[in-house]
Amino acid sequence: MMYSLLKHVFVGPTVKRLFPQDIVGLENIPKKGPVVFASNHLSVIDSILMPLVVKRQVYFLAKAEYFRGKGVKGRMTKWFMTSVGQLPIDRSGGQASQSSLDTGVEVLNSGRWLGIYPEGTRSPDGRLYRGRTGIARMLLAADESVPVIPVVMVGTDKIMPIGAKRPVRGRTGIIFGEPLDFSRYRTMPADRFVLRAITDEIMSEIAQLSDQEYADVYASTLRKKLDAQRATAAES
């Protein structure tokens with residue numbers, strides 16, 4: 001109920017007016033059953049703009065830090081993230097990360113739509129980065145084969161770049177590619193070669209739909225390097 005009110009009454013209409021979008025490929029989205037939307041990730045606003053243009057609710061795996069804030073602001077952030085279908089994912093590794101992936105599998109097994117950013121974090125410089133294999137693990141762990149829709153967000157980093165506290169008005173775009181079928185992998189062992197093959201195919205499709213330059217490294221690796229450089233510069 002709250003998701004529907006936010007989308008259709010309180011937030012959605014205003015967001016659509018302030019940030020008009022050019023949409024391509026809505027006809028590629030299956031009308032029934034579970035779906036994984038695998039998207040590039042340029043801005044925190046991606047998770048707000050994309051769900052506004054599709055019919056059913058999309059559940060995103062969001063970093064757990066959004067749900068752990070303190071004080072009034074922390075509680076409001078947690079309430080909003082929960083209301084719009086964000087699910088906390090612990091990226092610390094080990095059993096915590098596995099539990100987060102299990103949450104995604106539960107979404108798919110219940111026939112709902114799941115949104116995933118295979119890069120694992122926002123692009124620090126606008127390029128498209130290597131995908132992490134969590135998406136492949138969820139696809140193979142689901143009870144049935146689930147179609148993957150590659151998604152490209154266009155221009156969202158221009159209206160709300162990393163570090164910005166609020167977006168500026170501007171036009172963006174979303175491209176929905178044709179469904180990808182990975183049912184051929186379901187009889188294979190979920191080893192690192194299969195997981196990497198699935199993930200790389202998804203990232204290749206996103207790259208073909210996008211005009212982003214592809215970098216075959218993890219985005220988090222570059223972000224750590226940039227953070228270290230900024231820290232060093234601040235100390236000097």
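Me: What makes up the lining of the largest cavity by class: how many nonpolar, polar and charged residues?
Reply: The lining of the largest cavity has nine nonpolar, three polar and one charged residues. The classes go like this: Ala, Val, Leu, Ile, Met, Phe, Trp, Tyr, Cys and Pro are nonpolar, Asp, Glu, Lys and Arg are charged, and the others, Gly among them, are polar. Bear in mind that this is a predicted model, where local features need pLDDT of at least 70, side-chain atom pairs need 80 or more, and totals for chains, interfaces and linings use all residues. Residues are numbered from 1 along each chain as its sequence is written, and side-chain values use heavy atoms, with hydrogens and water left out.

Me: Which residues are closest to the centre of the largest cavity?
Reply: That cavity holds about 140 Å³ of space. Of its 13 lining residues, Tyr-3, Lys-7, Ile-48, Leu-52 and Val-84 are the closest to the centre. Helix α1 (2-10) gives the largest share, three residues. A cavity here is a set of points on a 1 Å grid over the protein atoms alone where a 1.4 Å probe fits but cannot get out, a pocket is an open set with protein on both sides within 12 Å along at least five of seven lines, and lining residues have an atom within 4 Å of a point.

Me: What lines the second largest cavity?
Reply: Leu-139, Leu-140, Ser-145, Val-146, Phe-182, Ser-183 and Arg-186 do, around about 40 Å³ of space.

Me: And what lines the second largest pocket?
Reply: Its lining includes Leu-26, Glu-27, Pro-30, Lys-31 and Trp-113. By class that lining has six nonpolar, no polar and four charged residues, and the space comes to about 220 Å³.

Me: Why are α6 and α8 called roughly perpendicular?
Reply: Helix α6 (residues 134-141) and helix α8 (residues 192-209) pack at about 110 degrees, with axes 8 Å apart. Angles under 35 degrees count as roughly parallel, over 145 as roughly antiparallel, 65 to 115 as roughly perpendicular and the rest as oblique. So α6 and α8 are roughly perpendicular to each other.

How values were computed. Axes fitted to C-alpha atoms, helices over the stretch in contact; angles between N-to-C directions. Helix = DSSP H or I, 4+ residues; strand = E, 2+ residues; numbered from the N terminus. Points joined across faces, edges and corners; volume = space filled by probe spheres on them.
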